Amino acid sequence: MLTRMSSLENPYGDDKVYDACGVFGMMDVTGDRFGGQDVVTGLVNMTERGNGLGSGYAVYGCYPEHADCYAFHVMYTDVESRPQVETRLKGDFVMVHAEEVPHNPTPELHDAPVIWRYFLQVDAAHPLVSLLGELEYVVSRVMEINTSGIGAYIYSSGKNMGSFKGVGFPQQIADYFGVAEYEGYIWTAHNRFPTNTPGWWGGAHPFGLLDWTVVHNGEISSYGANRRFLEMQGYHCTMTTDTEVMAYAADYLMRRHSLPVEVAVKVLAAPLWDDIERMPPDERALYRALRQVYGGLLMTGPFTIILARHGEMIGLTDRLRLRPIIAASKGSRLYVSSEEAAVRLVSPELDRLWSPVGGEPVIGRLGVPLRLPAAPVVRQRAPVAIA
Amino acid sequence: MMNAQPTTTATTLQIDAAGLHYRQLNAQLREAVNGQGIEHIAITNVYGQRYIGTDLHRTVEIHIHGTPGNDLASFMDGPRIIVHGNAQDACGNTMNDGEVIIHGRAGDVTGHSMRGGTIWVRDDVGYRVGIHMKAYQDRRPTIVIGGTAQHFLGEYMAGGVLLVLGLTLGPGERHAASFIGTGMHGGVIYVRGELVDHQLGKGVGQMALDEEDERLVAALVTGYAARFGYDAAEVLDGPFFKLMPLSLRPYGRLYAY
């Protein structure tokens with residue numbers, strides 16, 4: 001394990017940092033919940049990929065005692081706004097429980113905002129709920145507070161799941177929130193090396209809306225076009241970083257438009273026109289239609305992402321695979337990682353390890369046995385000669 | 001985790017890399033090789049430590065047990081590295097001389113900007129392998145891939161040799177890579193198996209092997225078979241063809257007219 005974070009600081013003072021983001025995800029497709037230590041171990045092993053300006057973890061199945069409540073994690077960059085937000089939440093929802101998110105004081109972390117979590121139920125009799133539908137209503141409340149400019153950001157809003165993120169190295173953020181003590185059946189994690197946008201607590205990954213979360217290595221060059229498309233659909237970008245559009249695009253395509261994952265990923269990472277031309281007629285018509293209808297959600301530029309919602313974890317790269325991805329399985333566990341070594345450290349023995357091609361998703365589904373690539377062909381005639 | 005001190009047996013220096021940061025591990029290697037002239041090293045519990053083999057300027061054989069990190073053997077100039085496991089991304093980045101033998105797969109951009117020496121990969125490789133390889137005078141970097149490659153093999157290749165044997169493909173299965181040799185303007189890619197034209201980058205053509213090619217392929221296949229325990233004659237049964245750039249300066253008219 002690479003744990004000596006102090007040695008990662010640039011000793012030459014030449015302002016150069018050689019990094020890239022790191023992503024790590026684990027799912028047990030039987031729904032078996034497991035503690036966060038393995039995902040922390042995997043992410044910390046890729047500490048080298050980040051520079052201390054952001055890390056985070058998302059976990060599904062972590063609040064069984066409030067499984068029927070929307071769990072809002074709210075970051076207060078202005079603590080004065082808390083009473084105002086709570087008044088609004090109490091007006092918009094039935095507040096079942098409220099508490100500060102437990103954390104361990106860590107002197108090395110700076111600018112930590114106050115973070116609270118609220119377990120909320122929707123009042124079906126609320127007129128807006130019957131007008132918009134429950135999920136759309138929740139989205140509208142999140143967007144309203146996040147765009148209100150009062151220094152409060154709801155960065156996690158699904159049921160029985162939560163994101164824990166901030167500005168620090170993977171081990172620091174894990175220690176700060178006590179991530180290892182939570183349990184869930186899907187975990188995703190991120191180690192950040194910000195390139196174009198500020199390293200602030202809200203800008204750390206995962207990004208989320210309802211129970212969708214995304215962690216991302218890369219840059220979404222099409223951010224401007226994607227953001228404009230999503231704004232027309234009522235999504236507002238407030239976290240000042242490109243990855244946010246990916247979470248909203250996932251919500252738009254797969255919740256609002258009910259596209260299956262296999263189709264939605266072909267919007268985000270569309271096949272090239274040359275490839276579409278070589279497809280059989282039915283398929284060609286489908287892919288042409290997807291590119292025409294959802295052209296504003298084509299994500300260009302390099303990316304590896306891990307998307308998750310209850311019941312599904314999806315690994316995906318851009319169609320030219322300009323960022324690394326490794327998938328692996330052991331029993332009912334699926335792993336997606338930037339680097340193989342992180343997976344091996346968590347699970348030295350694996351059933352399969354493969355490297356999905358660009359635009360081809362790796363999908364873990366609750367209750368569905370993993371679909372694995374064919375077993376490797378071995379044609380060796382003699383024992384391995386160790387030179 | 002306690003970091004064990006290196007122990008030297010009569011012939012082999014053993015290093016337990018568990019918990020070692022790459023800077024600590026590589027400092028130990030520099031001291032052993034450049035300082036003490038040790039010629040045989042075995043490293044165990046390797047989990048992602050980067051740059052192993054960089055900055056060692058003597059003849060040494062290093063066995064790596066585990067999964068070495070990115071940029072294995074980057075800028076390497078002479079050592080021989082044997083990986084008992086898989087290599088991650090950018091193995092052999094700008095490597096100048098020496099040999100890397102991988103008993104497994106290798107990741108993306110293997111042999112990136114490689115200048116000399118040989119990388120032997122038993123199984124498959126990732127994207128953009130051999131990107132920007134370059135040959136100069138007696139330096140001819142070579143990558144032998146026992147399995148198949150993912151897309152953009154030999155991208156911007158300027159020199160050197162890539163050989164893809166396809167031994168991990170199932171019966172009737174073909175190489176799936178596209179954009180092979182995109183931007184290629186030097187060197188040669190030998191392929192065992194079949195490709196169709198749309199898998200090739202613009203400006204790259206398929207050709208039959210001539211006698212000199214056949215001698216080179218036979219030598220490389222023999223070397224591969226010896227390292228990994230294959231029957232060379234069976235592999236040499238082919239079919240082989242080669243990919244070459246159709247122009248040495250495909251964009252000459254764009255930039256210098």
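How many residues of domain 1 of chain B are in contact with domain 2 of chain B, and how many does domain 2 bring? The legends below start there; keep in mind that this is a predicted model.

**View 1. Where the two domains of chain B meet.** Chain B splits into domain 1, residues 1-69, and domain 2, residues 70-249. To answer the opening question, 19 residues of domain 1 of chain B are in contact with 19 residues of domain 2 of chain B. On the side of domain 1 of chain B that touches domain 2 of chain B, you'll find seven nonpolar, nine polar and three charged residues.

**View 2. Chain B as a whole.** Here we have four helices and 12 strands in chain B. A compact globule with 257 residues would have a radius of gyration near 18 Å, and chain B comes in at 19 Å, so the two agree. Of those 257 residues in chain B, 54% are buried. Take the contacts in chain B with a separation of 6 or more: 41% of them link residues 24 or more positions apart. As for confidence, the mean pLDDT of chain B is 93, with 95% of its residues at 70 or more. The model itself scores ipTM 0.92 and pTM 0.93.

**View 3. Chain A as a whole.** Now over to chain A, which has 11 helices and 18 strands. Its C-alpha atoms take up a box of roughly 75 × 55 × 45 Å along the principal axes. Chain A has a radius of gyration of 21 Å; a compact globule with 387 residues would be near 21 Å, so that agrees. Buried residues account for 49% of the 387 in chain A. Among the contacts in chain A between residues at least 6 apart in sequence, 76% bring together residues at least 24 apart.

View 4. Is helix 7 of chain A largely enclosed or largely open? Largely enclosed by the rest of the structure, because 11 of its 13 residues are buried. Among them are Glu244(A) and Asp251(A), along with Tyr248(A), Tyr252(A) and Leu253(A). What do the buried residues of helix 7 of chain A pack against? Their partners in chain A are strand 11 (207-209), strand 12 (212-218), helix 6 (223-231), helix 8 (261-268) and strand 13 (303-309). On length, helix 7 of chain A (residues 244-256) should span 18 Å at 1.5 Å a residue, and its end C-alpha atoms are 17 Å apart, so that agrees. Just past helix 7 of chain A, look for Ser258(A), which takes a positive phi of about 55°.

**View 5. Ala270(A) in its loop.** Ala270(A) sits in the loop between helix 8 and helix 9 (273-277) of chain A. Why does Ala270(A) count as buried? Because 21 other C-beta atoms lie within 10 Å, and 20 or more is the cut-off for a buried residue. Leaving out residues up to four places away in sequence, Ala270(A) touches Leu290(A), Arg291(A), Leu298(A) and Arg319(A). Lys159(A) gives a sense of scale: Lys159(A) and Ala270(A) are 111 residues apart in sequence and 31 Å apart in space, C-alpha to C-alpha.

Note on methods:
Residues are numbered from 1 along each chain as its sequence is written. Chains are lettered from A and ligands numbered from 1 in the order in which they are written. This is a predicted model: local features need pLDDT of at least 70, side-chain atom pairs count only at pLDDT 80 or more; totals for chains, interfaces and linings use all residues. Domain bounds come from an automatic or database domain assignment. Two residues are in contact if their C-beta atoms, placed from the backbone, lie within 7 Å. Ala, Val, Leu, Ile, Met, Phe, Trp, Tyr, Cys and Pro count as nonpolar, Asp, Glu, Lys and Arg as charged, and the others, Gly among them, as polar. Helices (H or I, at least four residues) and strands (E, at least two) are DSSP runs, numbered from the N terminus. The radius of gyration is taken over C-alpha atoms; the globule rule is 2.2 Å times the number of residues to the power 0.38. A residue is buried if 20 or more other C-beta atoms lie within 10 Å of its own, exposed if 12 or fewer, and partly exposed in between; C-beta atoms are placed from the backbone. The expected span of a helix is 1.5 Å times one less than its number of residues. pLDDT is the predictor's confidence in each residue, from 0 to 100.
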